[in-house]
Amino acid sequence: MREYVKLHIARILITVLAISLFVLVIWLDGYRNYLVIGYGLLLFCLLLLFVSLAEYLSNAAFYHYLKSGKAVRGSNGSLSKKWRKQFDAREQQMQEKLTELNQHHQNHIRFMNIWVHQMKTPVSVLALMAESEEVDSYDLLAETDRLKSGLATALNFVRLEDFTEDFVIESVSLLEVVKHGIGEQKRNFIRSEVYPKLLSDADITVTTDKKWLGILLFQLISNAIKYSKPDSKVCFEIDPFSRSLTISDEGCGIAEADLPRVFRPFYTGQNGRQTGEATGIGLYLVETISKQLDIDIALVSKENLGTTVTLTFRT
């Protein structure tokens, strides 16, 4: 009954006001028969109560749904029959939303478990270095870089939740962003004996978020270096006509069976399982960010020949 009152409070108040105005008009007209007025008010209230009670009982399922969020299937109310499908659809939507939230929560837990496991290695290496009498600065930088990369991936994974809250559109030079991305990975290139190569000085201006585009390129360049062979190259080429950026490596490539699933979260594939360092998040971040930035992404790869990723900018 409480749900009925809440839903019809406006109608009840208007009805009470209408009765009050009617009695006031009669009173101002000079009619003073309290017994008749009281009797009329009593009949009107009883009639209103009866109609309200009948409506409430006939639509009990509706008010139960408002209270509990679940539809009652056993009711024969006319309104309940009319709305039952909508109740079921609404309940199904709620269940789907809960399932989605639960899956999202599980993904976060899974990622954190993988990430913590990944971070144990550089932390252990740094601890061993601290215990030794001589510390190699090159090895120290290598492990700190691994930590920085892992932290950046974790932060970016979390930031995707509020992408629109941290989103600034501006016109930027794609060539400058690419050069900055290569510079960020300078030590990684040198350490892996992989060399970046700009195939041309062509440039285009793109309308995008510079920071998120940099994060996207960081992931692609990191992957290209990670799976490249020593003394190989990672090539970058901007095509002004198709407004695209191509990043090609000469690495181990991706197995054909893995290609349809490389953008799925936590999917590491054959290469990731062999190296034991993959989290399965890198390409998932790339695809998610590319959708937000309205960038088309295409990936072509052949085992033992390398991988080519093409980013096509719509704006």
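Me: What span should the 17 residues of helix 8 have at 1.5 Å a residue, and how far apart are its end C-alpha atoms?
Reply: This is a predicted model. Helix 8 covers residues 210-226, and at 1.5 Å a residue its 17 residues should span 24 Å.

Me: How many of the residues of helix 8 are buried?
Reply: Buried means under 20% relative accessible area. Helix 8 is mostly covered, and of its 17 residues the number buried is 13.

Me: Which residues is Lys210 in contact with, leaving aside its neighbours within four places in sequence?
Reply: Contact here requires heavy atoms within 4.5 Å. With neighbours within four places in sequence set aside, the contacts of Lys210 are Val168, Glu170, Val172 and Val177.

Me: Which backbone nitrogen does a side-chain oxygen of Asp209 reach at the start of helix 8?
Reply: The contact is found at the start of helix 8. There, a side-chain oxygen of Asp209 comes to within 3.1 Å of a backbone nitrogen, that of Lys211.

Me: How many residues apart in sequence are the parts that Glu250 and Lys233 tie together?
Reply: Glu250 and Lys233 form a salt bridge, with their closest N and O atoms 3.6 Å apart. Glu250 sits in the loop between strand 5 (244-249) and helix 9 (269-275), while Lys233 is in strand 4 (residues 232-239), so the pair joins parts whose separation in sequence is 17 residues.

Me: Where does Arg314 lie, and where does its partner Asp294 lie?
Reply: The side chains of Arg314 and Asp294 meet in a salt bridge at 2.7 Å, N to O. The pair ties together parts that are 20 residues apart in sequence, because Arg314 is in the segment after strand 7 (306-313) and Asp294 is in the loop between helix 10 (282-292) and strand 6 (295-302).

Me: Which residues are linked with Arg314 in a network of salt bridges?
Reply: The structure has 3 salt bridges. In one of them, the side chains of Asp296 and Arg314 meet at 2.5 Å, N to O. Asp296 lies in strand 6 and Arg314 in the segment after strand 7, so this pair ties together parts 18 residues apart in sequence. Linked with Arg314 in the network are Asp294 and Asp296.

Technical notes
Residues are numbered from 1 along each chain as its sequence is written. This is a predicted model: local features need pLDDT of at least 70, side-chain atom pairs count only at pLDDT 80 or more; totals for chains, interfaces and linings use all residues. Side-chain values use heavy atoms; hydrogens and water are left out. Helices (H or I, at least four residues) and strands (E, at least two) are DSSP runs, numbered from the N terminus. The expected span of a helix is 1.5 Å times one less than its number of residues. Buried means under 20% relative accessible area, exposed over 50%, partly exposed in between (1.4 Å probe, protein chains only). A polar contact is a pair of N or O atoms within 3.5 Å; within protein, one must be able to donate a hydrogen and the other to accept it, and residues adjacent in sequence count only if both atoms are side-chain atoms. A salt bridge is a side-chain nitrogen of Lys or Arg within 4 Å of a carboxyl oxygen of Asp or Glu.
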